[in-house]
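Could you walk me through this structure, one selection at a time? I have it open in my viewer and am new to it.

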Amino acid sequence: MSVAVIEFKNYVESVKEALDGIEASEVLKAEQQILIKPNLINSSRHPVTTPKACCEAIIQYIQACSSAQIVIGEGCGDSMSETDEIFSIHGYVELAQKYSVELVDLNHAPLVRKQDLTRSVFKEMYLPQIAYSHFIISVPVLKVHSLAQITGALKNMMGFAPPQYYSGQFGSWKKAVFHADMQQSIIDLNRYCTPDLSIMDATIGLCEYHLGGPPCTPPVNKILASFDPVLLDRKAADILGLRWQDIGHLKSPAS
């Protein structure tokens with residue numbers, strides 16, 4: 001497995017170059033149903049969230065090589081907002097209409113129950129059915145995280161966790177249960193459901209905090225892509241000046 005690291009020119013060119021660099025078209029051509037999972041945790045603009053221009057370039061790439069049905073799925077974490085509102089604020093409603101793709105609120109999607117008694121935090125999980133019927137493309141933005149140390153392709157999968165099971169006593173955030181043991185929670189989640197392909201918007205980057213704070217200076221100006229989300233997140237950690245060997249969910253992702 002490899003990670004394509006491409007100097008950013010514009011989203012259409014750079015996303016294509018990154019995906020071509022890992023020969024993604026051959027894989028996508030064989031898929032029938034694809035779910036694009038941006039990071040739309042709240043109403044904040046890029047670089048806190050994934051800009052629609054990045055997802056638009058991904059849609060264009062897919063539609064040029066594949067006849068797959070495309071959906072954009074997210075389950076926002078903001079306690080005061082619903083995902084439909086967040087989609088609208090960030091321009092994803094217009095994007096979906098333009099390319100005839102469906103928007104799916106993962107916070108309220110039909111669920112399946114999965115069980116793995118070898119897991120230390122989540123011996124069972126309730127997750128959207130669509131996570132098991134679709135090829136998943138995780139599209140995070142490059143950010144330091146206050147609890148996870150980095151938020152990348154693996155942590156972005158927390159958008160699949162339904163609030164009815166994963167909010168709780170650890171805060172008002174819709175996925176607050178993960179706060180009790182963030183590193184192992186990310187590992188366990190990704191044992192149940194992990195990205196098939198990851199594309200990271202590292203055009204700017206947040207160097208101190210995932211919900212704001214100073215951007216990377218100078219801007220990172222990169223697009224990353226890989227079929228291996230662990231390798232991609234490790235590369236992202238390197239870019240941020242972090243030791244991935246010190247980050248639990250990147251050091252021992254299979255534990």
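Welcome! Keep in mind that this is a predicted model.

**Stop 1: α3 and α5.** Select residues 52-65 for helix α3 and residues 92-99 for helix α5; their axes lie 10 Å apart, at an angle of about 15 degrees. Angles under 35 degrees count as roughly parallel, so that is the word for α3 and α5. The crossing of α3 past α5 is right-handed. Now show the side chains: on the α3 side, pick Lys52, Cys55, Glu56, Ile59, Gln60 and Gln63, which meet Tyr92, Leu95, Lys98 and Tyr99 of α5. Coloured by class, this contact of α3 with α5 shows five nonpolar, two polar and three charged residues.

**Stop 2: α1 and α3.** From α1, select Tyr11, Val12, Val15, Lys16, Leu19 and Asp20; their partners in α3 are Ala53, Cys54, Ala57, Ile58, Gln60 and Tyr61. Nine nonpolar, one polar and two charged residues make up the contact of α1 with α3.

**Stop 3: the largest pocket.** Which residues line the largest pocket? Select Ile41, Asn42, His145, Ser146, Leu147, Lys155, Trp173, His179, Met182, Tyr209, His210 and Leu211 to see its lining. The volume of this largest pocket is about 160 Å³. Its lining is made up of six nonpolar residues, five polar ones and one charged.

Conventions. Residues numbered from 1 in each chain as written. Predicted model: local features only at pLDDT ≥ 70, side-chain atom pairs only at ≥ 80, totals over all residues. Heavy atoms only, no water. 1 Å grid on protein atoms, 1.4 Å probe; cavity = no way out; pocket = protein on both sides within 12 Å on 5 of 7 lines; lining within 4 Å. Points joined across faces, edges and corners; volume = space filled by probe spheres on them. Nonpolar A, V, L, I, M, F, W, Y, C, P; charged D, E, K, R; others polar. Axes fitted to C-alpha atoms, helices over the stretch in contact; angles between N-to-C directions. Helix = DSSP H or I, 4+ residues; strand = E, 2+ residues; numbered from the N terminus. Parallel < 35°, antiparallel > 145°, perpendicular 65-115°, else oblique. Left-handed = near helix turned anticlockwise from the far one by under 90°. Contact = heavy atoms within 4.5 Å.
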